[in-house]
Amino acid sequence: MLHNANRNVGSSHLEMSTEETPCNNALAQRRSKSYRQSMRSCVEATHLAYTSGLLTALRIPRSRKAPKSCDITVDPDQVALLVKKEWQLSYVTPLYQFRHTQLKSYSKQLSAFMVSEKQQGLAIEVGQELGFKVNFSVVLGLAETDKDAETVFIQILSKQVFSAKDDAPKVVWSGWLTCVNGDLDYLRSLPLEFVSLPLFCTRGPESLTVLVKSWFEKTFDCCFGPLGINSTNLQWLASLWTGCHPTINIQYLKLVWTLPTLPPMDVTYTVHPQDAWELWDSMRQVDTTEDSISIDEVTGFIKGLQSHFFRHFRIDLSAGSLMQISTALGSSHHSGKIKIASPNYIPTILQLLTECALLKMPI
């Protein structure tokens, strides 16, 4: 067994690496009148929505389907736009009168809106550009049920003032709205005028993100809010990705905790992939089907890692907060950043993030 510990006292950062891990220890305030009348949103903490005369409860799942490698039916060129990039997450409330058949019109409208805002003096941090071109498109194949709306992908392109005449415009901002395996009771309770695409992923200058959100809010009577990934959901991601190791090498499991010391101390804990998998496998409950993972198994897996760490370094990670996890399949940060490296497991991850978005927004 090999352990490396390197602590920088000045920066309060501690890094740990384990080559072997034993397995025996195992709301947004804005609401227009039409939205309030249609949705009658309730307090966020209750996760309840009154829609079309129905009281719909959005419950935090205690079990999830185990991830399985699958050949998704999405066009490879469209998949390439989504994977191996880091995205900032937001939630968005249902879009009023949004139509997938009007994407070409939306492209023109958003482009015109950006030009208008720039003419009014709004700073747009992408350099000296000649103008903007906006492309809306549909990413077919990610929807898991007939109630999931198809994913919408948005690109903003710009050509710099000093670029050559033949140079093509470059992508300066990307974003997409999606719903994968959304809560069926909630989706069925929505009035027909609303389309639910609760997860909004963006990549690019914040000034452009603000513009796009502003246009959506004015056009579709919706609102956005930040979507962080709490410690429990980071634990879920760590477990889901570790469970994939028998079919695709995760290469490593890296977890970062922040401990409540003065000053706060970050602890980076890296586990060998096979050891992580064996610990995870030892936590699988006898009465659990291979297709299902329970929250108890997830909790046991994380506690097993924490116990092993405490025995060797006398540091109680459970006293801190899990802030970040990463493997070769992807990475995630509590601030709401996500990177999905493998297209085969996109549905599993997007379902979890869709759940997070629905639970977060003040519906």
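Is leucine 110 buried or exposed?

## Leucine 110

At 0% relative accessibility, leucine 110 counts as buried (buried is under 20% relative accessible area, exposed over 50%, partly exposed in between, with a 1.4 Å probe and protein chains only). Leucine 110 belongs to helix α3, residues 103-119 (helices are DSSP runs of H or I of at least four residues, numbered from the N terminus).

## Basis of the model

The model is predicted, with local features needing pLDDT of at least 70 and side-chain atom pairs pLDDT 80 or more, while totals for chains, interfaces and linings use all residues. Residues are numbered from 1 along each chain as its sequence is written, and side-chain values use heavy atoms, leaving out hydrogens and water.

## Aromatic contacts

The structure holds 20 aromatic pairs (rings of Phe, Tyr and Trp, the last by its six-membered ring, with centres within 6.5 Å; planes under 30 degrees apart are stacked, over 60 edge-to-face, the rest tilted). In one of them, tryptophan 215 and phenylalanine 220 have ring centres 5.5 Å apart and planes at 85°, so the pair is edge-to-face. Phenylalanine 216 and phenylalanine 220 have ring centres 5.5 Å apart and planes at 45°, so this pair is tilted. Both phenylalanines lie in helix α5 (residues 206-220), four residues apart, about one turn of the helix. Tryptophan 215 and phenylalanine 220 are buried, and phenylalanine 216 is buried too.

One aromatic cluster includes Trp215, Phe216 and Phe220, together with Phe98, Tyr106, Phe136, Trp173, Phe200 and Phe224. Elsewhere, arginine 64 lies over the face of tryptophan 236, at 4.5 Å from the ring centre (the criterion is NZ of Lys or CZ of Arg within 6 Å of the ring centre and within 35 degrees of the ring normal).

## Serine 189

Serine 189 is in helix α4, residues 184-189, and is buried, with a relative accessible area of 1%. A polar atom of its side chain lies 2.7 Å from the backbone oxygen of tyrosine 186.

## Largest cavity

The largest cavity holds about 30 Å³ of space (a cavity is a set of points on a 1 Å grid where a 1.4 Å probe fits but cannot get out; lining residues have an atom within 4 Å of a point). Leu82, Trp87, Trp176, Ile340 and Ile346 form its lining. These divide into five nonpolar, no polar and no charged residues.

Terms used. Helix = DSSP H or I, 4+ residues; strand = E, 2+ residues; numbered from the N terminus. Polar contact = N/O pair within 3.5 Å; in protein donor to acceptor, adjacent residues only side chain to side chain. 1 Å grid on protein atoms, 1.4 Å probe; cavity = no way out; pocket = protein on both sides within 12 Å on 5 of 7 lines; lining within 4 Å. Points joined across faces, edges and corners; volume = space filled by probe spheres on them. Nonpolar A, V, L, I, M, F, W, Y, C, P; charged D, E, K, R; others polar.
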